[in-house]
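Biologist: I'd like to learn how to read a structure feature by feature. Could you walk me through this one?

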Amino acid sequence: GENIPYKPSPEAVCKLYVHDFDANGPIEQIPTLSVEGRDMPILLKDEMTRPLVSLKKQNLEYHQYARRSIDELLGGEILKHAIIRDSRTSSHYVALQTEVGDFTIERLPPSTQFSSMRSILPIDINADGHIDLITGGNEYDLKPQNGRYDTDHGHILIGNGKGSFEAKDHMKTGFYLDGQVRYILPIRNQDRYTHILSASNNMPIQVFRWNRHDVRTLF
C-alpha cells in the first residue's frame, strides 16, 4: 500500500540486501532507500549494530551513522556477495495477461492503498461474467517507529472485464472485515457459492452470506 513511511519510486528505489555480512552463521536482511543515488539503510543504528556487532568497532555516533550509505558501512566487496532485491512501488496493482501472453498492470482504487493487502479472492461476485476481487489485509507486527497498518476493512472490487476495478462502499455491500486478515475463502453449496469466510490472526472467523440475487446489497 501507499500509506507507509518509506515510499519507493523509480527515483527512490527500496532495496533489500540479504547475506551473512559478518560471517557468523545467521543471515541478515538490510532494507535501504535510495537518497540522491545512495542506498541508505532504513534500520536505526541500534537495529543495525545489534546483529552486526562488527559495526560497533567503527565507534559510530548517531549523526555519523545517519550519513553513511550501506556501501560505506559494509564495503563494496562484501556487498558483491549479497542477494539484492529492489522495489520501485508499494502500490497495489493487478496484473492482466493479454492475448499474446504478456502482462499489463492496473493500479487498484485509492481506497485499497491505505494498508497492506494479504488475501485476494478473484470471483464473479455480481454474476455479470467479469472477474471481481474480494480483498483483505492489515499488519500489526511492525517496528514502533513504523506504526501499524490497520486501516483496511476489506474491499469488494467490481471488475468491468477490461482491467479496471471499482471499489464498493462498505455500507452498501455489508462486507466489513476486522483484524489482520490472512485468508478469504468461498464455501460452495451444491453448484453455487453461498458464503464467504474470512480468517484473521487471533480472531473468530467471520462468515458472510452472499446475496447473489440483489447486487445492490451483496452481503
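Biologist: Let me start with a ring: which residue lies over the face of Tyr 140, and at what distance from the ring centre?

Modeller: Keep in mind that this is a predicted model. The residue is Arg 148, at 3.9 Å from the ring centre of Tyr 140. There's also Lys 45, whose charged end sits over the ring of Tyr 62, 5.0 Å from the centre.

Biologist: And when two rings meet, how do I describe them?

Modeller: You give the distance of the centres and the angle of the planes. By the rule used here, the count comes to 1 aromatic pair. The centres of Phe 175 and Phe 208 are 4.7 Å apart with the planes at 50 degrees, so this pair is tilted; edge-to-face would need over 60 degrees.

Biologist: Where in the chain do Phe 175 and Phe 208 come from, and are they buried or exposed?

Modeller: They link distant parts of the chain, 33 residues apart: Phe 175 is in the loop between helix H5 (170–173) and strand S11 (181–189), and Phe 208 is in strand S13 (residues 206–209). Both are buried.

Biologist: Which residues does Leu 74 contact, leaving aside neighbours within four places in sequence?

Modeller: Leu 74 touches Phe 21, Ile 30, Leu 52, Leu 55 and Leu 79.

Biologist: How should I read a sheet?

Modeller: Strands pair through backbone hydrogen bonds, either parallel or antiparallel. Here 4 strands make an open sheet, ordered S7-S8-S9-S10, with antiparallel pairing. Strands S7 (117–123) and S10 (165–168) are at the edges with a single partner strand each, so one side of each has no neighbour in the sheet. From one strand to the next, the twist averages 25 degrees. Between S9 (residues 155–159) and S10 there are 4 bridges, and Leu 157 has Ala 167 in S10 as its bridge partner.

Biologist: Last one: what is phi of Glu 36 near, and where is Glu 36 placed?

Modeller: Phi is near 55 degrees, a positive value in a residue other than glycine. Glu 36 is in the loop between strand S2 (28–35) and strand S3 (38–41), and it's exposed, with a relative accessible area of 80%.

Definitions and conventions. Residues are numbered from 1 along each chain as its sequence is written. This is a predicted model: local features need pLDDT of at least 70, side-chain atom pairs count only at pLDDT 80 or more; totals for chains, interfaces and linings use all residues. Side-chain values use heavy atoms; hydrogens and water are left out. Contact means heavy atoms within 4.5 Å. Two strands pair if DSSP finds at least two bridges between them. Helices (H or I, at least four residues) and strands (E, at least two) are DSSP runs, numbered from the N terminus. Axes are lines fitted to C-alpha atoms, for helices over the stretch in contact, and angles run from 0 to 180 degrees between N-to-C directions. Rings of Phe, Tyr and Trp (its six-membered ring) pair if their centres lie within 6.5 Å; planes under 30 degrees apart count as stacked, over 60 as edge-to-face and the rest as tilted. Buried means under 20% relative accessible area, exposed over 50%, partly exposed in between (1.4 Å probe, protein chains only). A charge sits over a ring if NZ of Lys or CZ of Arg is within 6 Å of the ring centre and within 35 degrees of the ring normal.
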